[in-house]
Amino acid sequence: LTANYDYDNKYLASFTVRRDGFSRLIGDNQFGTFPAFSLGWIASNEGFMADTKDWLSFLKLRGSWGKNGNIGIGTSNAIGLYELQGSYGPQTAYNCTVGFLNSAANPGLKWEKSNTIEAGMDMGLFDNRIYASVAVYKRKTTDKLANVLLPTSSGVSSVRTNNGSMSNQG
């Protein structure tokens, strides 16, 4: 769902919401809702900026916030996977195939979520012959997917969990 609004080619607003599903997750964790919105002001279209048109052709201030999701998991991270391997025993009688847990299940896996806030300015100079864009942002990722090592006695080396977080800015 997306809605955009433009008033007098000066004041801009946008709202978006997505609902994504992933069949490899279990129960309520299968779906994630990810909203975002942005606001912009084209200051160069204001009457008080008319005297700057010969050198400042375009000036827009903007800001946004959004939530995004990631679910980079394999086919078996939420449900586990058993594997059959090899034949053991005398070749003439009683061959058996051994089954073992190939990957540990974590039915509580859910979407990674990133919240990003950004502020920026776009400007065109000298009839837009020179164009510049500057922005700053801050992103916080929670429920980050990571492998946690397990003891060798468990029979598998690791399990995928939502136990990480990370921040980026620039």
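Predicted model: local features only at pLDDT ≥ 70, side-chain atom pairs only at ≥ 80, totals over all residues.

**Entry 1, cores.** I began with the largest nonpolar core, which is made up of 7 residues: Phe 22, Leu 25, Phe 34, Ile 71, Leu 109, Trp 111 and Leu 145. I then found a second, separate core of 5 residues, among them Met 49, Leu 56, Leu 59 and Leu 125. For the term I noted that a nonpolar core is a set of buried Ala, Val, Leu, Ile, Met, Phe, Trp, Tyr and Cys residues joined through side-chain atoms within 4.5 Å. Buried stands for under 20% relative accessible area, exposed for over 50%, and partly exposed for what lies in between, with a 1.4 Å probe and protein chains only.

Residues are numbered from 1 along each chain as its sequence is written, and side-chain values use heavy atoms, with hydrogens and water left out.

Where does Asn 106 sit? I located Asn 106 in the loop between β6 (96–103) and β7 (112–125), the strands being DSSP runs (E, at least two residues) numbered from the N terminus. Although it is in a loop, Asn 106 is buried, with a relative accessible area of 17%. A polar atom of its side chain lies 2.8 Å from the backbone oxygen of Arg 160.

I looked up the total and found 8 salt bridges in the structure, each being a side-chain nitrogen of Lys or Arg within 4 Å of a carboxyl oxygen of Asp or Glu. One of them joins the side chains of Asp 20 and Arg 18 at 2.1 Å, N to O, and Arg 18 counts as partly exposed at 40% relative accessibility.

Which residues does Asp 143 pair with? Asp 143 forms a salt bridge with Lys 110, where the closest N and O atoms are 3.9 Å apart. This pair links distant parts of the chain, since Asp 143 is in strand β8 (residues 130–149) and Lys 110 in the loop between β6 and β7, 33 residues apart. Asp 143 also forms a salt bridge with Lys 113, with the closest N and O atoms 2.6 Å apart; here the partner lies in strand β7, 30 residues apart from Asp 143. Asp 143 counts as buried at 19%, whereas Lys 110 is partly exposed at 32% and Lys 113 is partly exposed at 21%.

Last, I noted a network of salt bridges that links Asp 8, Lys 10 and Glu 46.

How values were computed
Helix = DSSP H or I, 4+ residues; strand = E, 2+ residues; numbered from the N terminus. Polar contact = N/O pair within 3.5 Å; in protein donor to acceptor, adjacent residues only side chain to side chain.
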